[in-house]
Amino acid sequence: MGDWIVVPIVLPAVMAALIVLAVRHDILLQRVFSITATVALVAVTLSLVVFANGNDPEMYALSNWPAPFGIVLVLDRLSAMMVFLTSLLGLGVVLFASSEWDQRGKHFHALFQFQLMGVNGAFLTGDVFNLFVFFEVLLIASYGLMLHGAGAERLKAGMQYIVINLTGSSLFLIGVGMIYSVTGTLNMADLAVQVANVAPGDAALLRAGALVLLLVFCVKAALVPIHFWLPGTYANAPAPVAALFAIMTKVGAYSVLRVYSLAFGDAAGDMAWLAQPYLMPAALITLVLGMVGVVAAKRLNGLIAFSVIGSMGTLLIAIALFTPESIAAGLYYLLHSTFSGAALFLIADLVVSRRGQFGDSLHTAPTFHQSGFLAVLFFVGAIAMAGMPPLSGFIGKLQILDAARGSDAMVWIWAIILVTSLLCIIGFGRAGSVLFWKSASVEGEITVEGAKWPVLPIIATCGMLGGLVALTVFAGPITDYLHGVAAQIFDTSGYIQAVLGEGALALLGQ
Amino acid sequence: MEFLVASSIGLLTTCGTYLLLRGRTFPVVIGLALLSYAVNVFLFAMGRLTINMPPILRDGVTEYTDPLPQALVLTAIVISFGMTALIVVLSIRAYLEIGNDHVDGRPVGEPSEAGDKN
């Protein structure tokens with residue numbers, strides 16, 4: 001596959017520059033460029049997925065500097081899957097935004113492409129410091145997107161979001177520095193080799209560095225007790241941006257999975273599965289807190305934001321088990337929760353834009369246009385998020401419950417996942433009945449200006465829900481693929497060999 | 001020298017953390033800047049402290065200073081500079097739009113208008 005590995009990073013980068021330099025005055029051209037680039041990205045990443053499925057991990061050395069001295073990109077099944085997911089989500093978001101949202105501020109499409117570049121880079125990179133750089137790229141693009149269209153509430157939430165993330169970046173550098181001081185490397189594959197052979201006297205420092213890094217990834221993944229930024233940010237971000245942010249929390253989850261299975265996995269000796277004892281309780285509490293928030297929410301966007309926190313808890317429970325079955329189940333849930341979170345934010349925007357001054361408050365109001373159609377969409381999205389049959393949320397949660405059998409924490413995991421699913425159903429049921437049923441009995445009708453049937457937003461929203469249906473219908477083949485992904489994650493020798501060559505495995509004692 | 005570097009990192013981090021927890025945007029921005037200085041010095045020290053040594057390896061060179069942390073610090077400085085510029089502009093914008101410079105949008109002791117924002 002060779003040079004194609006770098007395309008998911010270069011294509012959005014070039015396109016963003018092109019959009020901001022050449023076509024910034026013409027919104028139509030911006031849309032055409034942005035959508036075309038995203039479609040091309042979907043095609044490229046799909047072929048990467050197909051390639052990764054049939055081959056061993058492959059490395060791309062930037063500027064041809066050999067690892068571990070240069071920065072490498074690594075394509076394996078996990079990273080291929082994540083960039084494909086990003087491009088699919090990106091396509092939905094850019095279609096949704098292209099009807100009206102991109103005109104509420106400047107440079108939406110350029111920032112959007114930079115955001116895709118950052119996310120793809122974070123998924124593909126094989127270097128911890130480079131991961132920091134791509135985190136910064138995706139964050140600075142997300143700051144711009146978050147503040148798109150401005151407004152006092154959004155500025156306030158954006159300010160808090162930026163301060164939290166800048167603090168997180170400082171911690172990231174501290175963690176990276178500590179790891180480098182002990183191992184002398186930042187290449188993830190080389191790190192895996194060095195961690196296994198670290199001197200006993202340095203182990204404490206390395207452990208501290210690795211846990212600081214875990215803290216940073218958990219800020220990104222919105223894990224309790226460092227989740228406070230998420231509800232305000234997601235509830236106040238522009239709808240397509242909130243939908244795009246569904247992948248941002250997954251970047252944190254991906255980083256946890258990548259670093260703590262590759263460098264601190266089975267081969268790490270004393271430090272094997274370093275993250276597990278911290279991650280599991282935090283994930284369980286996150287799930288409870290998220291779903292309690294769903295029941296308590298007073299605004300629709302806040303409700304969805306809390307359900308995203310809850311789904312991150314579920315996902316990290318699966319990751320924290322660190323078994324091949326649980327990782328496969330967790331990745332299925334990751335795909336599902338990305339689409340369902342994004343779909344719900346898009347549906348909420350369609351509802352809010354039709355409710356006039358009532359906005360997204362969960363109070364009865366007169367009916368609005370297409371209330372019946374949107375009720376159906378909301379119903380489907382809510383079923384998916386709550387994890388009720390027949391949609392993919394049910395299959396995902398079932399797989400996670402199944403993978404948790406035999407774990408020490410099984411009683412806790414089963415009890416909490418099942419009870420919080422009920423809370424989620426209650427929360428969404430209440431919101432749906434207030435928005436659609438009870439409002440039907442209020443006299444009058446809200447009329448707002450604007451397109452009656454905005455084509456692109458409805459296509460994008462239905463596309464997200466279609467993704468959920470496809471996940472459900474093709475659950476068998478997708479699960480088979482994910483078992484392949486999990487197997488490759490646990491067989492770290494393939495990854496290390498791809499980056500460092502045959503010789504490194506001898507050092508690892510494999 | 002070790003004592004000097006370590007205590008300066010500690011002092012910068014302490015001041016940075018304290019300022020970061022303040023309620024107004026100006027101290028928070030200064031706190032973030034101090035924290036990023038602390039991080040830069042910390043990263044620099046991670047390649048071990050040496051004086052008057054070349055950062056380039058050649059044949060016959062046995063004593064050298066690690067060039068990689070210097071490259072990392074350079075990247076970190078550029079990024080934190082950009083981020084500081086962004087947050088300064090954003091603070092001014094937030095002040096102009098919200099009407100006060102508190103990070104949660106309201107002065108201490110005043111209840112928020114909409115109850116809760118969720």
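**Labels and their grounds**

Analyst: In chain B, 51% of the contacts between residues at least 6 apart in sequence join residues at least 24 apart. Two residues are in contact if their C-beta atoms, placed from the backbone, lie within 7 Å. The model is predicted, so local features need pLDDT of at least 70 and side-chain atom pairs pLDDT 80 or more, while totals for chains, interfaces and linings use all residues. Residues are numbered from 1 along each chain as its sequence is written, and chains are lettered from A and ligands numbered from 1 in the order in which they are written.

User: What makes up chain B, in helices and strands?

Analyst: Chain B has 3 helices and 0 strands. From the N terminus the order is α-α-α. Helices (H or I, at least four residues) and strands (E, at least two) are DSSP runs, numbered from the N terminus. Buried residues are 24% of the 118 in chain B.

User: Why are α1(B) and α2(B) called roughly antiparallel?

Analyst: The axes of α1 (residues 2–20) and α2 (residues 25–45) of chain B cross at roughly 155° and come within 7 Å. Axes are lines fitted to C-alpha atoms, for helices over the stretch in contact, with angles from 0 to 180 degrees between N-to-C directions. Angles under 35 degrees count as roughly parallel, over 145 as roughly antiparallel, 65 to 115 as roughly perpendicular and the rest as oblique. Therefore α1(B) and α2(B) are roughly antiparallel.

User: Which residues make that contact, and how do they divide into nonpolar, polar and charged?

Analyst: From α1(B) they include B:Val5, B:Ile9 and B:Leu12; from α2(B), B:Ile30, B:Leu34 and B:Phe42 are among them. The contact of α1(B) with α2(B) has 17 nonpolar, 4 polar and no charged residues. Ala, Val, Leu, Ile, Met, Phe, Trp, Tyr, Cys and Pro count as nonpolar, Asp, Glu, Lys and Arg as charged, and the others, Gly among them, as polar.

User: How do you know how α3(A) and α14(A) are oriented?

Analyst: Helix α3 (residues 77–97) and helix α14 (residues 324–354) of chain A pack at about 5°, with axes 11 Å apart. That angle makes α3(A) roughly parallel to α14(A). A:Leu85, A:Leu89, A:Gly92 and A:Phe96 meet A:Leu335, A:Thr338, A:Ala342 and A:Leu346. This contact of α3(A) with α14(A) divides into 6 nonpolar, 2 polar and no charged residues.

User: Is A:Asn165 buried or exposed, and why?

Analyst: A residue is buried if 20 or more other C-beta atoms lie within 10 Å of its own, exposed if 12 or fewer, and partly exposed in between. A:Asn165 has 23 such atoms within 10 Å, so A:Asn165 is buried. A:Asn165 lies in α6 of chain A. A:Lys220 is 55 residues from A:Asn165 in sequence and 8.1 Å away, C-alpha to C-alpha.

User: What makes the side of chain A that touches chain B?

Analyst: There, 26 residues of chain A are in contact with 28 of chain B. Helices α5 (128–146), α6 (152–183) and α9 (229–236) of chain A each supply at least two residues. The largest share, 15 residues, comes from α6(A). The chain A side divides into 15 nonpolar, 7 polar and 4 charged residues.

User: Which spans of chain B does UniProt list as "transmembrane region"?

Analyst: The unreviewed entry lists residues 6–21, 28–51 and 71–96 of chain B. Such annotations may be inferred rather than shown by experiment. In the model, residues 71–96 of chain B are 100% helix and 0% strand. Residues 28–51 of chain B are 75% helix and 0% strand.
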